[in-house]
Amino acid sequence: MAHWAKPGVKCVCINGSWPPNSWYGWEFLPREGETYTIRETLEIDGQAGLRLVEIENPRADYAWGFIEPAFAAVRFRPLTAQSDDLAKFTHLLTPQKIEERV
């Protein structure tokens, strides 16, 4: 399971292209660029799967059982505030004095 994928975490869909034969056609699917909240995490056939608060599909008979579909975690990235990301690097803006060794 991706270390960041936990219930309550906000994420963004980075891959919204879905193979036409992998779904029945009536499911609600995540859209690329949209933000979602993780409702549940699970593992199916060795792959991390996510169920999302904003998308709830009815159970159906899929190849891996009669379940509500889950979406591959690799299709998502955690949503982070840009200012938080930059804050991690501000200490690099201050030049450090290098001691000379003689």
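I count Ala, Val, Leu, Ile, Met, Phe, Trp, Tyr, Cys and Pro as nonpolar, Asp, Glu, Lys and Arg as charged, and the others, Gly among them, as polar. I need this for the pocket lining below. The model is predicted.

**Entry 1: the chain.** I looked up the elements first. The chain holds one helix and seven strands. Read from the N terminus, the order is β-β-β-β-β-β-β-α. Of the 102 residues, 29% count as buried. I then checked contacts between residues at least 6 apart in sequence: 54% of them join residues at least 24 apart.

Entry 2: I traced an open sheet of five strands, with antiparallel pairing and the order β6-β3-β2-β1-β7. Its edge strands are β6 and β7 (76–78), and each pairs on one side only. I looked at the β3 and β6 pair: it is antiparallel, over two bridges. Here L50 stands opposite F71 in β6.

**Entry 3: the largest pocket.** I noted a volume of about 280 Å³ for the largest pocket. Which residues lie nearest its centre? I found Q47, W64, A70, F71 and A72, out of 13 lining residues. β3 gives the most, with three residues.

Entry 4: Eight are nonpolar, three polar and two charged.

**Entry 5: cross-check.** I put the sheet and the pocket together. F71 is among the residues nearest the pocket centre, and F71 in β6 is also the residue opposite L50.

Methods:
Residues are numbered from 1 along each chain as its sequence is written. This is a predicted model: local features need pLDDT of at least 70, side-chain atom pairs count only at pLDDT 80 or more; totals for chains, interfaces and linings use all residues. Side-chain values use heavy atoms; hydrogens and water are left out. On a 1 Å grid over the protein atoms alone, a cavity is a set of points where a 1.4 Å probe fits but cannot get out, and a pocket is an open set with protein on both sides within 12 Å along at least five of seven lines; lining residues have an atom within 4 Å of a point. Grid points are joined across faces, edges and corners, and a volume is the space filled by probe spheres set on the points. Helices (H or I, at least four residues) and strands (E, at least two) are DSSP runs, numbered from the N terminus. Two strands pair if DSSP finds at least two bridges between them. Buried means under 20% relative accessible area, exposed over 50%, partly exposed in between (1.4 Å probe, protein chains only). Contact means heavy atoms within 4.5 Å.
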